[in-house]
Amino acid sequence: MNNKLRNAILLATLGVIIISYASCSVTIPKGATAVKPFQKEKYLGTWYEIARMDFKFEKDLNNVTATYSLKEDGTIKVDNKGYNFVKKEWKQSIGKAKFVNDSNEARLKVSFFGPFYAGYNVIEIDKDYQYALVVGNNLDYIWILSRTKTIPEKVKQAYLTKAQGLGYKTAELVWTKHDQ
């Protein structure tokens, strides 16, 4: 094998390793801390999305829910659903989540596309696991979740204040409608 071909193969292999490593690396925004202790069994079930930063995978969606269930292999099945009010059709994405460290800490990595993961960090939750504030890897991703289609104003304001303190532009939040 000539040196040029060998070097090209080594470079391609190195590129695949770097991309694979980068796709599995997840972070938490500076200043944010994941809930600890975290009780995954109490978190499982259906959550209604109250608000989010808009991004292409949720564009034009209302009636958004996320349902989490434990799989036999210990990972968590993620079943996201929402109604696209422009196309007048339901959209569903099934993924998986794994704990970044230990299941006692609410830092997870979620994948909907093969080996590519994104951060899913629960940074605030009430004692009864009825309301949650979730952030992604950076200040582009944030969700306010509730077990019901509404959230008390006091909880909403507390979550907005926390998000603003971390640098989120909460004026840009999309407030999800639940009318179906």
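**Loops, a pocket and a cavity**

Biologist: Where is the place of Asp60?
Modeller: This is a predicted model, in which local features need pLDDT of at least 70, side-chain atom pairs count only at pLDDT 80 or more, and totals for chains, interfaces and linings use all residues. Residues are numbered from 1 along each chain as its sequence is written, and side-chain values use heavy atoms, without hydrogens or water. Strands are DSSP runs of E, at least two residues, and helices are runs of H or I, at least four, numbered from the N terminus. Asp60 sits in the loop between β1 and β2.

Biologist: What is phi of Asp60 near?
Modeller: Asp60 is partly exposed, at 24% relative accessibility (buried is under 20%, exposed over 50%, partly exposed in between, with a 1.4 Å probe and protein chains only). Asp60 is not a glycine, yet its phi is positive, near 65°.

Biologist: Is Tyr129 buried or exposed?
Modeller: Tyr129 is found in the loop between β6 and β7 (131-135). Its phi is also positive, about 55°, although Tyr129 is not a glycine. Its relative accessible area is 5%, so Tyr129 is buried.

Biologist: Which peptide bond is cis?
Modeller: Look at the loop between α1 (3-24) and α2, where Pro37 lies. Omega is near 5° for the bond from Lys36 to Pro37.

Biologist: What volume has the largest pocket?
Modeller: A pocket is an open set of points on a 1 Å grid over the protein atoms alone, with protein on both sides within 12 Å along at least five of seven lines; lining residues have an atom within 4 Å of a point. Volume is the space filled by probe spheres set on the points, which are joined across faces, edges and corners. For the largest pocket it is about 820 Å³.

Biologist: Which residues lie nearest the centre of the largest pocket?
Modeller: The lining divides into 19 nonpolar, 10 polar and 5 charged residues (Asp, Glu, Lys and Arg are charged; Ala, Val, Leu, Ile, Met, Phe, Trp, Tyr, Cys and Pro nonpolar; the others, Gly among them, polar). Strands giving at least two residues each include β1 (45-53) and β8 (142-146). Of the 34 lining residues, those nearest the centre are Phe55, Phe57, Asn80, Phe112 and Trp143.

Biologist: What volume has the largest cavity?
Modeller: In a cavity, a 1.4 Å probe fits but cannot get out. The search finds 1 cavity of 30 Å³ or more. Its lining has 10 nonpolar residues, no polar and 1 charged. The volume of the largest cavity is about 70 Å³.
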